[in-house]
Amino acid sequence: MSRRTWARLCCAGLLGMAAYPSVAQEAATDTVARGVHTLEEVVVDAPFVARKTTATSPFQSLSQAQFDQQGVTDVADALRRFSGVNVKDYGGAGGMKTVSVRSLGAQHTAVAYDGIALTDCQSGQIDFSRFSLDNVSALSLSVGDNDDIFLPARTVASAATIRLQTLTPDFAEQSWRLRAGLKTGSFGLANPSLRYDQRLSGRVAMSVFGDYMRADNRYPFTLVNGKYQTQERRENNYIETWRGEWNLYARPTRRSELNGKVYYYDSFRELPGPVILYNSHSEEELTERNFFAQLHFRTYWDNHLSLQLNGKFNWAYSHYHDQGNEYPGGAMDNRYYQREYYASAALLYTPWERWAFSYAADYAFNNLTSSATAGVTPRRHTVLQTLSARYRTPRLTVTALLLGSIYQNQARGGESARDARRLSPSLSLSWKPWEAADFRLRASYKDIFRVATFTENYFDRWGSRDVKPEIARQLNIGLTYAKTGAAWLESLALSADGYYNYVEDKIVAIPYNMFFWATVNLGHVDIWGADVHGEAAVRLASAHRLLVSLNYACQRAVDKTEPASAYYGDQIPYTPVHSGAASLAWENPWVNLSLHATGNSERYTTVQNIEANRMPGYVEFGVALYRSFRWKRTELSLRIDAQNLGNKQYSIVKSYPMPGRSYRLTLDVKI
């Protein structure tokens, strides 16, 4: 079958789904957002809860209450509490933060914001500093495909998926709600925020959220030069951001929902650059703007069918500026404009109680304009389709999925990158051997690939039209256990997973500075690892609880390309063998207390594991005190954080020192 025929069939399938007539279905059980259930003309609206111990693939999550209990300060900090997650952090409030799951790279991690995927066609990486934890109700990570099959095709077109679910309005007491917050702390941090919710009618509501953040980030650090040490201060590290969001929540009928979102982000950052001996001066600056609007519609009917439609427009702008005599004219000014048009349709069919089938088709068009691509304007058409089936009983769940991917590349003003297409299967299951105990065994397999980003294909001195797609095959075997309802042990959840990832044509990004990356293509990488997670709630007395959370990950990700190579068998860059996080919270009638720690073992900055490229490991400790007060309809929350209590100096990215001891005060008022 020719490439053109493939594209026509996929587009026809997508258009057919979009035009499918509105027929009916009973309450859909597959949703990561919210489900609407009709029982004798009564609508019940409740969030979907994905239990960590029943998932067919590794699943981790944090709720809004757990953000306080575990001393979480921002979205990137929350992701550090998940096992198997490696966060690249350049230091300072609001600094760039990207995530890699199980050593597969940031480009293999999809990020869904209220159910619709975020994208960056330029770098393929999502910067989590762009999102405010104040507007997030839940954060979750799933590795591979889970038993939720009613999803857009793009959401499952990656090795792992991080989902951010924003707050939804609560009008139980009144038809409007107001929430104001303020964060302030070390190194010039100031971060006010405001959210307003309003019920417009019985079926329509809206919310508006906005915040502003600025920080000097001039934190001290120690510069080591052999046996000499000097006390320095991070310079050229100022950041200022504005963020706004408008959400619409509508119920057009008893059996349908319509949600809309408009998002805008504006940021100015000074880029301090790497710490270099005798040269701390930097003139780099980065301005970023991002606007997107998205729409989600879902309905269900009495004939066991449910339809989901999604649409999105995304626009992003970046301006990188640097001054120096090495540039013609004494300065570099690179501007980048990217646009995306995205549409998705999915159909869920549940003919019997134990069986569910789903088909989804997505189309996206991306283009990038930049002076850094030597006059070439890259464009990409993407068609993704999935066929899914799930069989579920109280003791057994089996899910199978087949993803078809087509990427067609074009370029105005130059040669385009190669096209790509592939079929990617996945299979996962969860089995409960005994009826009495909530103990389960699970196993999953997923074959997935990613095409090169526009940076990897087109950028001067870094890009290549011949970069091959990166193929990853994931195998996971694990077990879970849960217990609830004991007199003193309120809840206990344990999980342990071992995995093997085989990566072919691995694309490894090495940071040149905070904005440019050098790309190394490794032919074959083996990744062996294990993730362990445990959490428990212990009742000490009627008003006293202990909440414990532990995460540990062990990863051995080594280059297996060429046995004669000097770095054959070496750990790939920025991948620690050991990493983990722990927290202990004591909830009481007076002031709640949270103690927490995160850490990594040593890493290497390049593919060659020699002493000169070694970065030492670290463990960072923190403490949080928090308490909520309620007076009539007003709720006041106060929280004090101390981070890096030991004033440990360490770096996550080479030559980018992290802040030492710092403090933060958070005040939140809800009316």
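Ser426 stands opposite Lys446 in strand 24. Strands here are DSSP runs of E with at least two residues, numbered from the N terminus. The model is predicted: local features need pLDDT of at least 70, side-chain atom pairs count only at pLDDT 80 or more, and totals for chains, interfaces and linings use all residues. Residues are numbered from 1 along each chain as its sequence is written, and side-chain values use heavy atoms, with hydrogens and water left out.

Strand 23 and strand 24 (residues 438–450) run antiparallel and are joined by six bridges. Two strands are taken to pair if DSSP finds at least two bridges between them. A hairpin of six residues connects strand 23 to strand 24. Strand 23 (residues 420–431) also pairs with strand 22 (residues 396–412), in the antiparallel sense and over twelve bridges. In that pairing, Val398 stands opposite Leu429 of strand 23.

Strand 3 pairs with strand 8 (residues 136–143) in the antiparallel sense, over five bridges. Ser63 stands opposite Ala138 of strand 8. Strand 8 and strand 9 run antiparallel and share seven bridges. There, Ser140 stands opposite Arg163 of strand 9. Strand 6 and strand 9 run parallel, with five bridges between them. Val111 has Ile162 of strand 9 as its bridge partner.

Strand 9 (residues 160–166) is mostly covered, with seven of its seven residues buried. Buried means under 20% relative accessible area, exposed means over 50%, and partly exposed lies in between (1.4 Å probe, protein chains only). In a regular strand the side chains alternate between the two faces of the sheet. Both faces of strand 9 are covered. Ala160, Ile162, Leu164 and Thr166 are buried on one side, and Thr161, Arg163 and Gln165 on the other.

Salt bridges number 40. The criterion is a side-chain nitrogen of Lys or Arg within 4 Å of a carboxyl oxygen of Asp or Glu. Lys183 and Asp134 form one of them, at 3.3 Å from N to O. Lys183 lies in strand 10 and Asp134 in the loop between strand 7 and strand 8, so the pair ties together parts that are 49 residues apart in sequence. Both Lys183 and Asp134 are buried.

Arg392 forms a salt bridge with Asp147, with the closest N and O atoms 3.6 Å apart. Arg392 lies in strand 21 (residues 377–392) and Asp147 in the loop between strand 8 and strand 9, so this pair ties together parts that are 245 residues apart in sequence. Arg392 is partly exposed at 31% relative accessibility, whereas Asp147 is buried at 14%. Arg639 and Asp641 also meet in a salt bridge, at 2.8 Å from N to O. Arg639 and Asp641 are both buried. Asp77, Arg80, Arg81, Asp89 and Lys97 are linked in a salt-bridge network.

Asp668 is in strand 37 and is buried, with a relative accessible area of 10%. The side chains of Asp668 and Arg179 are joined by a polar contact of 3.0 Å. A polar contact is a pair of N or O atoms within 3.5 Å; within protein, one must be able to donate a hydrogen and the other to accept it, and residues adjacent in sequence count only if both atoms are side-chain atoms.

Two loop residues other than glycine have positive phi. Arg102 has phi near 55°. Arg102 sits in the loop between strand 5 (97–101) and strand 6 (109–113) and is buried at 3% relative accessibility. Phe187 has phi of about 60°. Phe187 is in the loop between strand 10 (176–185) and strand 11 (189–199) and is partly exposed at 21% relative accessibility.

How values were computed:
Helices (H or I, at least four residues) and strands (E, at least two) are DSSP runs, numbered from the N terminus.
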